[in-house]
Amino acid sequence: MICNLCPRRCNTERSEYVNESGFCGMPLFPRLARAGLHFWEEPCISGKNGSGTVFFSGCSLRCIYCQNLEISHKNHGKTVSYERLADIFKELEDKGAENINLVNPTHYTHAIKRALEIYKPKIPIVYNTGGYERTEIIDSFPADIYLFDLKYCDDKKSLEYSSASDYFSVAKKALLAAYKRVGAPKFNENGIMQSGIIVRHLLLPSSTNDAIKIIDWCENNCPDVIFSLMAQYMPYGDAKQHKILGRRITKREYDKVLSYCENRNFFEIYVQELESATSDYIPAFNLEGV
């Protein structure tokens, strides 16, 4: 397959097990690092039974602070067939998962579609993305829920931190396409989300003004979303030596953005506490369930 799935449009050949020149480095068959019940998403996603998360290896971004760098940068994982991926969806559903949560699915949308043709779960499909997406992929993929990162609106930061100077111009179009598809959130009788969008923003050090601009843009363009302000940042990987990213966010930074966010007109707002900045919440990418 000649791949142009992500905004980088590598136009590179991906065979079943090899991708020599594409940015993500991932083969045609999906590579997974973990598949299991996950209890650390937003409450309306995890619920009591857990979200059926499938962690895909590789990434179309290169965030220097990524806490999942073992799979996003180092490509750790196991390559499986479309049939096995379909079986994994069913196994998670049989375990009582509230949804099928596809973590970083962008470069595997072709494979996930094939798997969903083999077996379509009766629970919602969650598209859990870093936000760097083509609108054509958003329009054509059968997602019910989007967990949509909106990382930056500052092009210099997105270039330095994620190797994507066009991040915001691309991500905002993709988010609007998702918003048009699914609209305001809908829930079942147990308060579990069945459709809609959660926009996540991870507050970074020295980035309060950027965070406020993102909040304003979301309120003005897609107010019927759940906005999730995340405070879990901690220096990881190359970020430990970075002059700005080499520290955690301060209480002053957190309080400034939190106070601003709380007065905005979103459908609902989730907020992480500062104590969430710990490695305890990083999953073990041990090939569980793969």
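How many nonpolar, polar and charged residues does the lining of the second largest pocket have? In this predicted model, the lining divides by class into 2 nonpolar, 2 polar and 5 charged residues. The residues concerned are Pro-7, Arg-9, Glu-133, Arg-134, Thr-135, Glu-136, Ser-169, Val-170 and Lys-173. The volume of the second largest pocket comes to about 150 Å³.

The largest pocket, for its part, has a volume of about 1100 Å³. It is lined by 46 residues, and those closest to its centre are Asn-68, Asp-149, Arg-200, Met-230 and Gln-232. By class, this lining holds 21 nonpolar, 18 polar and 7 charged residues. Several elements contribute at least two residues each: helix H2 (69-72) does so, as do the strands E4 (51-56), E7 (125-129), E10, E11 (226-230) and E12 (268-271). Strand E10 gives the largest share of the lining, 3 residues.

Side chains of opposite charge can pair when their charged atoms come close. Arg-200 meets Glu-41 in a salt bridge with an N to O distance of 2.5 Å. Here Arg-200 belongs to strand E10 (residues 193-202), while Glu-41 sits in the loop between strand E3 (31-38) and helix H1 (43-46), so this pair links distant parts of the chain, 159 residues apart. Both partners are buried. A salt bridge also joins Arg-200 to Glu-42, with the closest N and O atoms 2.7 Å apart. Because Glu-42 lies in the loop between E3 and H1 and Arg-200 in strand E10, the pair ties together parts that are 158 residues apart in sequence. Glu-42 is buried, like Arg-200. Taken together, Glu-41, Glu-42 and Arg-200 are linked in a network of salt bridges.

Across the whole structure, the search finds 10 salt bridges. Another one of these pairs Asp-94 with Lys-90, at 3.1 Å from N to O. These two residues are 4 residues apart in helix H3 (residues 82-94), so about one helical turn separates them. What is the relative accessibility of Asp-94, and how does it count? Asp-94 has a value of 56% and therefore counts as exposed, the cut-off being over 50%. Lys-90, with a relative accessible area of 36%, is partly exposed.

Definitions and conventions
Residues are numbered from 1 along each chain as its sequence is written. This is a predicted model: local features need pLDDT of at least 70, side-chain atom pairs count only at pLDDT 80 or more; totals for chains, interfaces and linings use all residues. Side-chain values use heavy atoms; hydrogens and water are left out. A salt bridge is a side-chain nitrogen of Lys or Arg within 4 Å of a carboxyl oxygen of Asp or Glu. Buried means under 20% relative accessible area, exposed over 50%, partly exposed in between (1.4 Å probe, protein chains only). On a 1 Å grid over the protein atoms alone, a cavity is a set of points where a 1.4 Å probe fits but cannot get out, and a pocket is an open set with protein on both sides within 12 Å along at least five of seven lines; lining residues have an atom within 4 Å of a point. Grid points are joined across faces, edges and corners, and a volume is the space filled by probe spheres set on the points. Ala, Val, Leu, Ile, Met, Phe, Trp, Tyr, Cys and Pro count as nonpolar, Asp, Glu, Lys and Arg as charged, and the others, Gly among them, as polar.
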